[in-house]
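Colleague: I'd like to learn how to read salt bridges and helix packing in a model. Can you walk me through it with an example on screen?

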Amino acid sequence: LAHYPVVNKRGEIIASAVTNLDIHDMARAVRTYSAKALYIVTPLEDQQQLVKSLIGHWTTGYGADYNPKRCQALETVRIRNNLQQASIDIAQETGSDPQTVVTSARSHLNSISLARFQEILGTGFPCLLVFGTAWGLSPDCIAAADYILKPISGNTDYNHLSVRSAASIILDRLYGRSGEP
Ligand code: SAM
């Protein structure tokens with residue numbers, strides 16, 4: 001989950017604030033599907049401290065005893081300054097540089113379908129699936145990615161999913177066992 005580089009309402013590049021709910025919900029989704037980790041990406045030291053204390057509460061503090069299931073989810077969270085650090089992490093752990101796949105609510109030329117993304121995942125090479133915050137990932141971030149995923153679309157013209165919802169929908173379409181009894 002990238003908090004930088006993202007854009008604000010005026011298209012200016014900003015570092016957005018971390019939202020507690022994003023971390024909880026996305027960590028639970030990561031734990032529910034076979035994603036390996038949730039990277040919270042922000043260059044802001046105070047925001048990193050905020051995330052560290054949140055994770056600490058639920059993984060080693062009172063929260064870990066109170067709600068072990070939530071502890072299991074938040075244990076997947078890793079804090080990094082930038083997306084490059086997350087990629088380096090993955091390369092060191094897997095031995096392969098990850099393919100970066102970015103997401104957006106807007107359509108982009110040469111975007112790939114989820115089926116194509118599943119094929120890429122099927123190769124066994126690691127992928128870093130990047131979600132944005134605020135008004136979305138910066139154009140340069142999107143341009144630098146290996147792939148961009150086609151936007152999720154409902155059956156109306158309302159297109160304002162939260163990042164938490166978008167992440168859960170995409171993970172379920174990739175890994176979910178819907179339809180099975
Ligand atoms: N207008 C922004 C955009 O185009 O991405 C919406 C930002 S939304 C609040 C924050 C993030 O949620 C996006 O950067 C993207 O990662 C994800 N997201 C939101 N709607 C999505 C959709 N329909 N399809 C795919 N991802 C979506």
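Colleague: Let's start with R116 and E119 in helix α6. How many residues apart are they?

Modeller: This is a predicted model, by the way. The general idea first: side chains of opposite charge can pair when their charged atoms come close. Here, R116 and E119 sit three residues apart in helix α6 (residues 114–122), so about one helical turn separates them. They form a salt bridge, with 3.0 Å between the closest N and O atoms.

Colleague: And R116, what is its relative accessible area?

Modeller: The value is 34%, so R116 counts as partly exposed.

Colleague: How many salt bridges does the structure hold?

Modeller: Seven. Some of them join up: R78, R80, D89 and E93 are linked in a network of salt bridges.

Colleague: Let's take that network apart. Which parts does the D89 and R78 pair tie together?

Modeller: Their side chains meet in a salt bridge at 3.5 Å, N to O. D89 belongs to helix α5 (residues 83–94) and R78 to strand β4 (residues 77–80), so the pair ties together parts that are 11 residues apart in sequence. D89 also makes a salt bridge with R80, this one at 2.8 Å, N to O.

Colleague: Is D89 buried or exposed?

Modeller: Buried, with a relative accessible area of 12%; the cut-off for that word is under 20%.

Colleague: OK, on to helix packing. What should I look at?

Modeller: Two packed helices are described by the angle between their axes and the distance between the axes. In this model, take helix α1 (residues 20–32) and helix α2 (residues 45–59): they pack at an angle of about 50°, and their axes are 11 Å apart. That angle makes α1 oblique to α2.

Colleague: What is the handedness of the crossing where α1 passes α2?

Modeller: Right-handed.

Colleague: Which residues meet there?

Modeller: From α1 you have N20, I23 and H24, and they meet V51, L54, I55 and W58 of α2. Sort the residues of that contact by type and you get five nonpolar, two polar and no charged.

Colleague: Let me try a recap. The α1 and α2 contact has no charged residues, while R78, R80, D89 and E93 are linked in a salt-bridge network.

Definitions and conventions
Residues are numbered from 1 along each chain as its sequence is written. This is a predicted model: local features need pLDDT of at least 70, side-chain atom pairs count only at pLDDT 80 or more; totals for chains, interfaces and linings use all residues. Side-chain values use heavy atoms; hydrogens and water are left out. A salt bridge is a side-chain nitrogen of Lys or Arg within 4 Å of a carboxyl oxygen of Asp or Glu. Helices (H or I, at least four residues) and strands (E, at least two) are DSSP runs, numbered from the N terminus. Buried means under 20% relative accessible area, exposed over 50%, partly exposed in between (1.4 Å probe, protein chains only). Axes are lines fitted to C-alpha atoms, for helices over the stretch in contact, and angles run from 0 to 180 degrees between N-to-C directions. Angles under 35 degrees count as roughly parallel, over 145 as roughly antiparallel, 65 to 115 as roughly perpendicular and the rest as oblique. A crossing is left-handed if the near helix is turned anticlockwise from the far one by less than a right angle, and right-handed if clockwise. Contact means heavy atoms within 4.5 Å. Ala, Val, Leu, Ile, Met, Phe, Trp, Tyr, Cys and Pro count as nonpolar, Asp, Glu, Lys and Arg as charged, and the others, Gly among them, as polar.
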